[in-house]
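Please read it alongside the model.

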Amino acid sequence: MADPATYRPAPGSIPESPGVYRFRDEHGRVIYVGKAKSLRSRLNSYFADFSALHPRTQTMVRTACRVDWTVVGTEVEALQLEYSWIKEFDPRFNVRYRDDKSYPYLAVTLNEEFPRVMVMRGAKRKGVRYFGPYSHAWAIRETVDQLLRVFPVRTCSAGVFKRQHQLDRPCLLGYIGKCSAPCVGRLSPAEHRLLAEDFCDFMAGDTGRFIKRLERDMREAASSQEYERAARLRDDIRALEAALEKQAVVLADSTDCDMVAFAEDELEAAVQVFYVRGGRIRGQRGWVVDKVEEVSTADLVEHFLIQIYGESDSVPREVLVPELPPETDAMTELLSEQRGGPVRLRVPQRGDKRTLLETVARNAHEALKQHKTRRASDLTTRSRALQEIQDALELDEAPLRIECYDVSNLQGTNVVASMVVFEDGLARKSEYRRFTIKAVEGQDDVRSIHEVITRRFRRYLAESERTGELDALGDRAADDAGEDAAEEGAAEAVQGAGDAADAAAHQPIDPETGRPRKFAYPPNLVLVDGGPPQVAAARRALAELGVDDIAVCGIAKRLEEIWLPGEDDPVILPRNSEGMFLVQRVRDEAHRFAITFHRQRRSKAMTVSELDNVPGLGPARRAALLKHFGSLKRLKEATPEQVAEVPGIGPRSAEGIVAALRGAPGTARTDKGRGDVAGGDGEHRG
């Protein structure tokens, strides 16, 4: 690692002009390419205050050994040069888009004498017309199979075409009418090319012209009593309509646009694109991005537009994005030059386009989720992640069982906590637990963490005592065990289709009750969502119980730092390491589980009614009373005789209801706030 001060440019040597700069390592390799309106102010920001830089940026600056730059005339030139250098040098610290799979296209080889329709992957070729991309090759084949009835374009390979020409006999498709058989001269090259161009026009959205022509021919054939020909034309129309049904109509017929949406976390991002042509979704494509440096959504949009459309000849008239890039005007000008016409770059605010962009965003979230699942399911990857955590935290053994705790609240109300368990790098949902905070009033994550850790490990000590694993246990632990057993019962475990079987297979069985014992396994590592205060609280809770053989650490959200008890400096796991990925995934799962429980409790609080506290009044009779009187206010104003008119309510019950309602201290508190819930470091959003 180099000291940035050793290669900092001399004062005044950096120009104030717009330009592009490159950081190089000790071997001269380019590790980062960036652009700036003012090279001086941008580069000085890397050297002015090293401690204020993001940890990932610190790593980049320390890896580099020198920096150089090139001055350009405009911001558009800076964008173009940045793209060229990223493509040429492939810098390790730049955002790089890679396909999460190889997408197939429907291609028409207009550069051949007899154009061919085929499925094509990989780099695009000059003179070939492309449609898509499609999510699956079979989707292309189904569409082509329908269209060949009307547009019998050649689909065979060059070898098959040459062989059939030498035999002077068409292939099977020629005999069944799904190929015009240009190999044996049934169509001239000009006629076959016209057929291929009609196929391309239909795929490009000019569908009405062909359907109307076939309908006209069908009516003429029927009026001329050529019923067999009319029937064939009818089937051709149905084939075209079937092909169109596979492409959902989402916007106006004149709409041609690409819709781009992102799903991201601190380490990675997934991007999905829907290609809308003629108001129909013609294709879909996705990428996964390693966020090697700290980038915002707007930065991701900029990188995406440069890298995907940088050399593309299919830039649409409109590109819809979740956020505009930092240099919107320059980017719009660059895309317009690439397209050879005006390009509109905007964020939809309402209407059908906004709705469709939300659908694209849901696809991006699902793609990111699937990517993480595939990554986490690999045994070698999980083993490497656990080893990296062990080395970074200097543990005696790999943390095969990790428990993570998170606290959620909304402005100090309905405070809850979660405990999630990962064994061998995989979630063990049958052992998740959730807690209602009892001893803490208001928003105090530190005391809440202390309470949760104390309650969890008292239960662990109590379970160990009952099975003879411990010879003695303090009275306080025994007293608390019964209380927590009632609260954190089996109903608090995550309910899922496989949870019961999973619990039976992995939890120890209590010989007295025959049920799986709760809190029986100790973890190798306790992870809390928070910084030094939360970590200190967790360690203090364990020390008070005499538990000193379990490692504790915390992960702070903002910079993804790992904090150990009593340490002044955090542990920084490598940016793209499997260990960091696993720690983040465990933390995110605890956060999700805590928020879910909090929302359940908040939702329940919003439906509390004074009728719930009336003795002997069940759900059916409560519903009957509200239906009869229309509101709780009218019910409270009613006399016992009026209440007794409700079916199922007798005179004595009516008197009890009126007495209970009129003697009630007030309306039960409800929470009608419309805020989101956050956890971890006490953060909340209103």
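How many aromatic pairs does the structure hold? The structure holds 14 aromatic pairs, a pair being two rings of Phe, Tyr or Trp (its six-membered ring) whose centres lie within 6.5 Å; planes under 30 degrees apart count as stacked, over 60 as edge-to-face and the rest as tilted. One of them joins Y21 and Y46 in an edge-to-face arrangement, with 5.9 Å from centre to centre and 65° between the planes. This pair links distant parts of the chain, since Y21 belongs to strand β1 (residues 19–24) and Y46 to helix α1 (residues 39–47), 25 residues apart. Helices (H or I, at least four residues) and strands (E, at least two) are DSSP runs, numbered from the N terminus.

This is a predicted model, in which local features need pLDDT of at least 70 and side-chain atom pairs count only at pLDDT 80 or more, while totals for chains, interfaces and linings use all residues. Residues are numbered from 1 along each chain as its sequence is written, and side-chain values use heavy atoms, with hydrogens and water left out.

Y21 has a relative accessible area of 1% and is therefore buried, the term for values under 20%, with exposed meaning over 50% and partly exposed in between (1.4 Å probe, protein chains only). Y46 is likewise buried, because its relative accessible area is 3%. Both tyrosines belong to a cluster in which ring pairs link Y7, Y21, F23, Y32, Y46 and F47.

A further aromatic pair consists of F114 and F161, which are tilted, at 5.4 Å centre to centre and 40° between the planes. Here too distant parts of the chain are linked: F114 lies in the loop between β5 and β6, and F161 in helix α5 (residues 158–167), 47 residues apart. F114 is buried at 12% relative accessible area, and F161 is buried at 15%. The ring of F161 also has the charged end of R154 over it, 4.8 Å from its centre; this requires NZ of Lys or CZ of Arg within 6 Å of the ring centre and within 35 degrees of the ring normal.

The loop between β5 (105–108) and β6 (117–120) also holds T109. At 3% relative accessibility, T109 is counted as buried. Its side chain reaches the backbone nitrogen of R116 at 2.8 Å. Beyond its neighbours within four places in sequence, T109 is in contact (heavy atoms within 4.5 Å) with P115, R116, M118, G127 and V128.

Definitions and conventions:
Polar contact = N/O pair within 3.5 Å; in protein donor to acceptor, adjacent residues only side chain to side chain.
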